[in-house]
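I opened the model today to look up its charged pairs and the contact between its chains. My notes follow in the order in which I looked.

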Amino acid sequence: VLVYLGEEIGLPAHRRVLKLLQLLQKEPPKWLRNLQPAYTSLMVTFDACRVDSAEVEAELRKYEARAKTVRGVKPRTVLIPVCYGGEFGPDLDAVAKIHGLKSYEVIAHHTSQSYHAYFLGFAPGFAYLGDVPEAIATPRLETPRKQVAKGSVGIAGRQTAVYPFATPGGWRLIGRTPMSMFQNDRKPMARISVGDEVRFRMISRQEFLELESG
Amino acid sequence: MTLLGGSFVFPSGAVVALTGADFAATLDGKSAVMWTPLTIPPEGKLVLGPTRNFARCYLAVAGGIQVKPFLGSASTHLLSGLGGYAGRALRKADVLRVGAPAKRIPVRTISRAVLLALMPRKVLRVTEGPQIDLFPEDQRREFFRSTFRVSETSDRSGLRLEGHGLASRGYGAMITEGAPLGAIQVTPSGQPIVLFVEQQTTGGYPKVANVIGADLHCLGQLRPRAEVRFECTSLAVAVSLWREQEKLLVSPRRLFA
């Protein structure tokens with residue numbers, strides 16, 4: 001079942017998603033199998049052998065009504081070091097050109113604010129962060145790359161994200177972080193959790209190499 | 001195993017079972033039976049493939065193949081290199097450890113009636129997707145009339161279909177949301193993609209339909225270039241077919257001949 005809690009990407013709708021998510025995690029119904037939040041919706045997977053979908057819908061409506069009174073958790077802040085441009089950010093100059101900016105101005109915009117982690121998807125630990133300042137919002141590449149380097153930082157429209165693994169990808173790559181975004185021997189495994197506030201910090205190539213080897 | 005199969009040597013012997021597609025299996029050169037326990041002598045060699053009918057053959061070993069479970073599963077996630085055996089597909093000369101088998105393994109065979117009932121279907125049953133309204137009426141009709149071909153670029157994350165292109169009116173208007181196994185997304189170029197076992201958990205392309213739970217096992221048996229069609233059914237029918245299948249799979253009285 002998909003529960004829609006808004007029609008526009010933004011914090012108001014996402015706060016409702018987070019509250020319903022929190023309540024369902026705290027008091028999981030016995031038929032619950034999985035929860036997948038997104039910008040304005042929550043996908044609730046249930047065990048169809050244990051319950052009818054009408055019952056699930058009725059129960060979710062009750063949860064939704066109660067979720068309004070849930071106190072939101074104070075977001076954690078995650079700071080991500082990024083080396084911008086060059087071989088690490090092959091699309092930085094193109095992004096700058098599209099907006100008539102200098103490369104350092106794109107970096108200044110990207111590091112100027114904190115981003116809200118809307119949800120994780122695509123690959124393990126891949127967090128969709130927003131909202132990127134309008135001044136540097138750039139559509140995806142026409143043709144996605146077959147391979148994007150692990151740790152690459154990309155922009156797609158008003159979203160930004162870090163690729164936790166070397167995967168195919170169509171986002172515009174402006175930099176790379178030496179920080180590991182997903183580790184299976186850590187708890188939680190993903191560096192960024194839904195609802196976190198994320199900031200990017202510019203580092204030099206030298207610092208990148210030091211952090212990477214350390 | 002997918003399409004090609006492989007050769008497996010069991011230095012200390014084992015009890016195994018082969019299910020799924022017919023990969024023309026032989027044990028020490030003699031034809032090996034499927035759907036029933038098969039005793040392999042020490043140093044016995046099982047040779048499988050290529051396939052004679054569908055895409056996947058499953059080799060189950062009594063005692064289990066010992067890998068470190070990841071998130072409670074022994075499966076491999078190829079994209080991230082997590083789980084299973086070293087996070088990757090098996091290669092020549094890999095050595096797999098097998099756990100201690102049960103003391104007594106009953107020799108039973110899956111009945112013909114069950115095999116017929118679970119035979120991979122060419123017409124997959126689907127329910128309407130959440131964005132069905134973004135597709136004009138005539139295109140929806142065309143979707144259910146068309147025969148699609150499984151593209152050779154398909155993988156564990158999605159089965160890409162070739163054939164009748166679909167164009168949704170609302171492309172771009174949709175906000176990325178959760179997407180389940182079996183969801184049929186339509187890309188801007190009109191190509192349908194059925195999300196498969198290593199699927200992304202969210203998607204931003206409109207979903208025209210969803211393969212029903214009871215037919216998901218058929219997705220794993222579709223070979224590249226195989227033809228497939230879709231037939232629309234109601235949620236109520238989908239649920240009752242799923243419950244029926246789950247009951248069948250846990251009923252020894254009905255499963256075995």
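Entry 1. I started at the boundary between the chains. The side chains of B:Arg243 and A:Asp52 form a salt bridge there, with N and O 3.1 Å apart. I note that this is a predicted model. The rule finds one salt bridge across the interface of chain B and chain A. I also looked up polar contacts across this interface and got five residue pairs, both partners at pLDDT 80 or more.

Entry 2. I then asked which elements of chain B give two or more residues to the side that touches chain A. They are strand E15 (177–178) and helix H4 (235–249) of chain B. H4(B) gives the largest share of that side, five residues. By residue type, the side of chain B that touches chain A divides into eleven nonpolar, eight polar and three charged.

Entry 3. Next I took the extent of the interface. I have 22 residues of chain B in contact with 31 residues of chain A. The buried area between the two chains is about 1,800 Å², and carbon and sulfur atoms give 68% of it. On the chain B side, B:Leu79, B:Ile175 and B:Arg243 lose the most area to chain A, together 29% of what that side buries.

Entry 4. I moved on to salt bridges over all chains and noted 19. One of them joins A:Arg66 and A:Glu27, with the closest N and O atoms 2.7 Å apart. A:Arg66 sits in helix H2 (residues 53–67) and A:Glu27 in the loop between helix H1 (11–26) and strand E2 (32–37) of chain A, so the pair ties together parts 39 residues apart in sequence. A:Arg66 is partly exposed at 38% relative accessible area, and A:Glu27 is partly exposed at 30%.

Entry 5. A:Arg145 forms a salt bridge with A:Asp91, closest N and O atoms 2.8 Å apart. This pair links distant parts of the chain, 54 residues apart: A:Arg145 is in strand E7 (residues 145–148) and A:Asp91 in the loop between strand E4 (77–84) and helix H3 (92–98) of chain A. Is A:Asp91 buried or exposed? A:Asp91 counts as buried, at 8% relative accessibility, while A:Arg145 counts as partly exposed at 23%.

Entry 6. A:Glu207 and A:Arg201 form a salt bridge with the closest N and O atoms 3.4 Å apart; A:Glu207 is partly exposed at 29%, and A:Arg201 is partly exposed at 34%.

Notes: Residues are numbered from 1 along each chain as its sequence is written. Chains are lettered from A and ligands numbered from 1 in the order in which they are written. This is a predicted model: local features need pLDDT of at least 70, side-chain atom pairs count only at pLDDT 80 or more; totals for chains, interfaces and linings use all residues. Side-chain values use heavy atoms; hydrogens and water are left out. A salt bridge is a side-chain nitrogen of Lys or Arg within 4 Å of a carboxyl oxygen of Asp or Glu. Helices (H or I, at least four residues) and strands (E, at least two) are DSSP runs, numbered from the N terminus. Buried means under 20% relative accessible area, exposed over 50%, partly exposed in between (1.4 Å probe, protein chains only). Contact means heavy atoms within 4.5 Å. Buried area is the accessible area (1.4 Å probe) that two parts lose on being put together, summed over both. A polar contact is a pair of N or O atoms within 3.5 Å; within protein, one must be able to donate a hydrogen and the other to accept it, and residues adjacent in sequence count only if both atoms are side-chain atoms. Ala, Val, Leu, Ile, Met, Phe, Trp, Tyr, Cys and Pro count as nonpolar, Asp, Glu, Lys and Arg as charged, and the others, Gly among them, as polar.
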